[in-house]
Amino acid sequence: MFSGVLPALDRLFTRRLADAEPGVVRYGMLLDEQGLMLDEATVIVVSPEEAYLFGNDQRTVFTDHMAAHTVGMDLEIEDVSRTIPSLAVQGPQSFE
């Protein structure tokens, strides 16, 4: 499996994930080189070798950014946005 998944997320994400246990869900931001927000996202840690990042940006340029900043790390980045739907229920009455 891939040992660089959580260290790569630590490099890309504003929340610490290197020591996250399976089942951990964290919300945070992905930043560019100048510290400007590229996207907000939720990360779900499945195992030390697998995690899902659910963001809003599904453009190739966003996936390219993640790949460029994880060169040499032991991981695979795969866009599964077309196969795993993400439903974001929001608002003051979203619980109801």
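Predicted model: local features only at pLDDT ≥ 70, side-chain atom pairs only at ≥ 80, totals over all residues.
Residues are numbered from 1 along each chain as its sequence is written, local features need pLDDT of at least 70, side-chain atom pairs count only at pLDDT 80 or more, and totals for chains, interfaces and linings use all residues. Side-chain values use heavy atoms, without hydrogens or water.

Start with the sheet. Three strands form an open sheet in the order β1-β2-β3, with antiparallel pairing. Strands are DSSP runs of E, at least two residues, and helices are runs of H or I, at least four, numbered from the N terminus. Pairing requires at least two DSSP bridges between two strands. The edge strands are β1 (25-31) and β3 (50-55), as each pairs on one side only. Strand β2 (residues 37-47) pairs with β3 over six bridges. Threonine 42 stands opposite phenylalanine 54 in β3.

Now the pocket. A pocket is an open set of points on a 1 Å grid over the protein atoms alone, where a 1.4 Å probe fits, with protein on both sides within 12 Å along at least five of seven lines; lining residues have an atom within 4 Å of a point. The lining of the largest pocket holds 37 residues, and those closest to its centre are Tyr52, Leu53, Phe54, Glu78 and Val80. Strand β3 gives the largest share of this lining, six residues.

Valine 80 lies in the segment after α2 (60-68). Is valine 80 buried, partly exposed or exposed? Valine 80 counts as partly exposed because its relative accessibility is 23%, and partly exposed runs between buried (under 20% relative accessible area) and exposed (over 50%), with a 1.4 Å probe and protein chains only.
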